[in-house]
Amino acid sequence: MASASAPAPSAGASAGGGKDDELADLVRRLVDALARYADRLPFVLDRQKLRSLTTLAAISVTILFAWKMLRAPQEQPRRPRRRAAPSSSNTSSRSRPGALNATDACSSADSRAHEAVNQLFQPVNLTLEQLVRHKLSEGRRVTCRLLGVILEETTPEELQNHVTVRPSVVEVLLEIAKFCDVYLMERVLDDETEEKVLSSLSEAGLFANGALIKDKVLFCSTENGRTSFVRQLEPDWHIDTSPEIVHQLARFIKYQLHISPQQPERIASNIFSSPSLEQYFGGLDQR
């Protein structure tokens with residue numbers, strides 16, 4: 001009798017250990033997901049503090065959720081044991097279906113729990129409008145330089161020969177203009193270049209239906225002129241490729257987006273960086 005009942009606690013401990021491993025895995029996945037989402041916010045959070053807080057919250061919620069899902073089958077009422085001792089053949093034929101039913105119930109509960117977790121961590125497909133609003137934090141005025149952001153060219157000298165609007169940025173810029181007051185600005189070397197720039201922006205459809213306004217495309221002859229424009233307009237966001245100008249404006253502008261092919265060192269908590277404007281607004285997984 002003693003030898004027959006000995007394996008039962010071992011099996012129970014093994015099952016409990018398996019559920020503990022699943023619970024720990026759920027907690028780790030939830031904490032990692034919250035930490036990754038925090039990186040997408042337009043402000044800085046202390047990673048260590050976030051991990052401590054999210055771990056505490058995740059453990060509380062996940063323990064309650066997993067306990068209800070995984071322990072539910074064990075709360076079913078047990079059948080009373082019969083006093084009469086059945087024959088060995090009847091015992092084997094009747095006990096096996098019961099054992100299979102209990103196993104199926106546990107398997108079904110585990111499947112429901114994993115399915116619920118997988119649904120929780122499925123990626124959210126946001127529209128471009130939602131992405132723009134999320135990234136700009138409901139900003140209402142945006143200033144942006146043209147060279148290297150809206151245009152393919154990167155120097156005023158190149159603009160004297162040709163002006164090319166980047167096709168991939170048009171949709172994003174039009175979306176920003178739907179709910180933001182957008183000002184475009186650039187340093188040029190002559191009046192003829194100004195006309196070329198305005199003509200190219202018009203051909204790209206940026207002035208169609210009043211999306212952008214020609215009078216809000218500003219030109220200057222020096223880099224300091226662009227800095228003065230930004231400070232006078234006091235935007236919620238400024239987008240630029242010059243690290244010097246971004247650094248100068250850090251104290252005066254709420255948020256800035258530094259467009260750079262490399263990942264520059266972050267000099268202030270209100271300055272973000274991206275290889276391009278469209279990549280910054282291309283998804284929540286990019287900054």
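**Figure 1. The whole chain at a glance.** Helices (H or I, at least four residues) and strands (E, at least two) are DSSP runs, numbered from the N terminus. Counted that way, the chain has 11 helices and 6 strands. This is a predicted model, where local features need pLDDT of at least 70, side-chain atom pairs count only at pLDDT 80 or more, and totals for chains, interfaces and linings use all residues. Residues are numbered from 1 along each chain as its sequence is written, and side-chain values use heavy atoms, with hydrogens and water left out. Of the 287 residues, 36% are buried (under 20% relative accessible area, with exposed over 50% and partly exposed in between; 1.4 Å probe, protein chains only).

Figure 2. A nonpolar core here is a set of buried Ala, Val, Leu, Ile, Met, Phe, Trp, Tyr and Cys residues joined through side-chain atoms within 4.5 Å. The largest one has 40 residues, and L136, I150, I176, L184, L201 and L277 have the most contacts inside it. Zoom in on L201 and, leaving aside neighbours within four places in sequence, you'll find contacts (heavy atoms within 4.5 Å) with L146, I150, L151, V165, L184, L206, F207 and V217. A second, separate core of 8 residues includes M185, L218, L249 and I253.

Figure 3. T193 belongs to helix α8 (residues 191–203). This threonine is buried, at 2% relative accessibility. Not counting residues up to four places away in sequence, T193 touches L159, Q160 and V188.

Figure 4. Rings of Phe, Tyr and Trp (its six-membered ring) pair up if their centres lie within 6.5 Å; planes under 30 degrees apart are stacked, over 60 edge-to-face, and the rest tilted. The structure holds 5 aromatic pairs. Take Y255 and F272: their ring centres are 6.2 Å apart and their planes sit at 40 degrees, so this pair is tilted. Y255 is in strand β5 (residues 255–259) and F272 in strand β6 (residues 271–274), so the pair ties together parts 17 residues apart in sequence. Y255 is buried at 15% relative accessible area, and F272 is buried at 3%. Ring pairs join W237, Y255, F272, Y280 and F281 into a cluster.

**Figure 5. Close-up of two arginines over rings.** A charge sits over a ring if NZ of Lys or CZ of Arg is within 6 Å of the ring centre and within 35 degrees of the ring normal. R133 has its charged end over the ring of F179, 4.4 Å from the centre. R231 lies over the face of F252, 3.7 Å from the ring centre.
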